[in-house]
Amino acid sequence: MFTSIFYYIAVFSTILFLVKIIIFYIFGGEAEVVSDFTTEFEMETSFDFLSVQSILAFFMGFGWIGLAGVSQWHLKPVPAIAIAVVFGLILMFSSAYLMFLIKKLNKRVVKNYAACVGKTAKAYTAFHPEGDGQIEVEVNGRLSIEKAVNTTQEEIEAFSEVKITDYKEKFYIEKI
């Protein structure tokens, strides 16, 4: 009896999990089941412990390990259920944690170019008088290659130091 219960839970949750993956690949990451609940509560969505994916992971782990415990390891129902619940929770936490890490990858970094005004940078290309080129500048603590305009009548050689005088969609520089 317990063998068939574990088997049906495992197969059903695995099929739903595969359907969810197929929907994800067809429609992208924006496809999610939307429900209208009458209860309103606020919850931080950065760590979705009770998502569809983590619940399916729980039932997959619960079903397959429970089935293995009863049919392969010849455990009694209570220890098989206990092991299945523990393994299901491990898969549930793992799935939620992996989704949390994946969502962190989607973070957008806003570069503060205005903070670079008055600092020195390095000309990445040679600049003709009042000509365009590129500079190597530290923006938000990271080295970046950015577009720049020489505001002087002097030629600036590549890899020489320059001073950033202004920023308006490009850096405005002058030779030091």
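**Entry: ground rules**

I note that this is a predicted model, in which local features need pLDDT of at least 70 and side-chain atom pairs count only at pLDDT 80 or more, while totals for chains, interfaces and linings use all residues. Residues are numbered from 1 along each chain as its sequence is written, and side-chain values use heavy atoms, with hydrogens and water left out.

**Entry: elements**

I counted 3 helices and 5 strands in the protein chain. Helices (H or I, at least four residues) and strands (E, at least two) are DSSP runs, numbered from the N terminus. Read from the N terminus, the order is α-α-α-β-β-β-β-β. The protein chain has 176 residues, and 28% of them are buried.

**Entry: helix pair**

I then looked at helix H2 (residues 52-71) against helix H3 (residues 77-105). Two packed helices are described by the angle between their axes and the distance between the axes. For H2 and H3 the axes come within 7 Å and cross at roughly 150 degrees. That makes H2 roughly antiparallel to H3. Axes here are lines fitted to C-alpha atoms, for helices over the stretch in contact, and angles run from 0 to 180 degrees between N-to-C directions. The classes are roughly parallel under 35 degrees, roughly antiparallel over 145, roughly perpendicular from 65 to 115, and oblique for the rest.

In the loop between H2 and H3 I found His-74. The phi of His-74 is near 55 degrees, a positive value in a residue other than glycine. His-74 is exposed, at a relative accessible area of 66%.

**Entry: salt bridges**

How many salt bridges does the structure hold? I list 3. The criterion is a side-chain nitrogen of Lys or Arg within 4 Å of a carboxyl oxygen of Asp or Glu.

Glu-146 pairs with Lys-111 at 3.4 Å, N to O. This pair links distant parts of the chain, 35 residues apart: Glu-146 sits in strand S3 (residues 142-150), and Lys-111 in the loop between H3 and strand S1 (120-123).

Asp-132 pairs with Lys-170 at 2.9 Å, N to O. This pair also links distant parts of the chain, 38 residues apart, with Asp-132 in strand S2 (residues 132-139) and Lys-170 in the loop between strand S4 (161-167) and strand S5 (171-175). Asp-132 is partly exposed at 49%, and Lys-170 is partly exposed at 26% relative accessibility.

Asp-166 pairs with Lys-168 at 3.2 Å, N to O. Asp-166 counts as partly exposed at 26% relative accessibility, and Lys-168 is exposed with a relative accessible area of 55%.

**Entry: nonpolar patch**

Which residues make the nonpolar surface patch? I have Ile-15, Val-19, Ile-22, Ile-23, Ile-26 and Phe-27, with an area of about 590 Å². Patch residues have over 30% relative accessible area and no salt bridge; like charges are joined within 9 Å, and nonpolar side chains (Val, Leu, Ile, Met, Phe, Trp, Tyr) within 5 Å. Areas come from the Shrake-Rupley method with a 1.4 Å probe, and for residues only the protein chains shown count as cover. I checked Ile-26 on its own: Ile-26 belongs to helix H1 (residues 2-27) and is exposed at 60%.

**Entry: other residues**

Phe-159 has a positive phi of about 70 degrees although it is not a glycine. I placed Phe-159 in the loop between S3 and S4 and noted that it is exposed at 56%.

Tyr-113 lies in the loop between H3 and S1 and is buried, with a relative accessible area of 18%. From Tyr-113 to Glu-169 I read 9.0 Å, C-alpha to C-alpha, across 56 residues of sequence.

Ile-176 is in the segment after S5 and counts as exposed at 60% relative accessibility. Its C-alpha atom is separated by 9.5 Å from that of Ile-156, 20 residues apart along the chain.

Note on methods: Buried means under 20% relative accessible area, exposed over 50%, partly exposed in between (1.4 Å probe, protein chains only).
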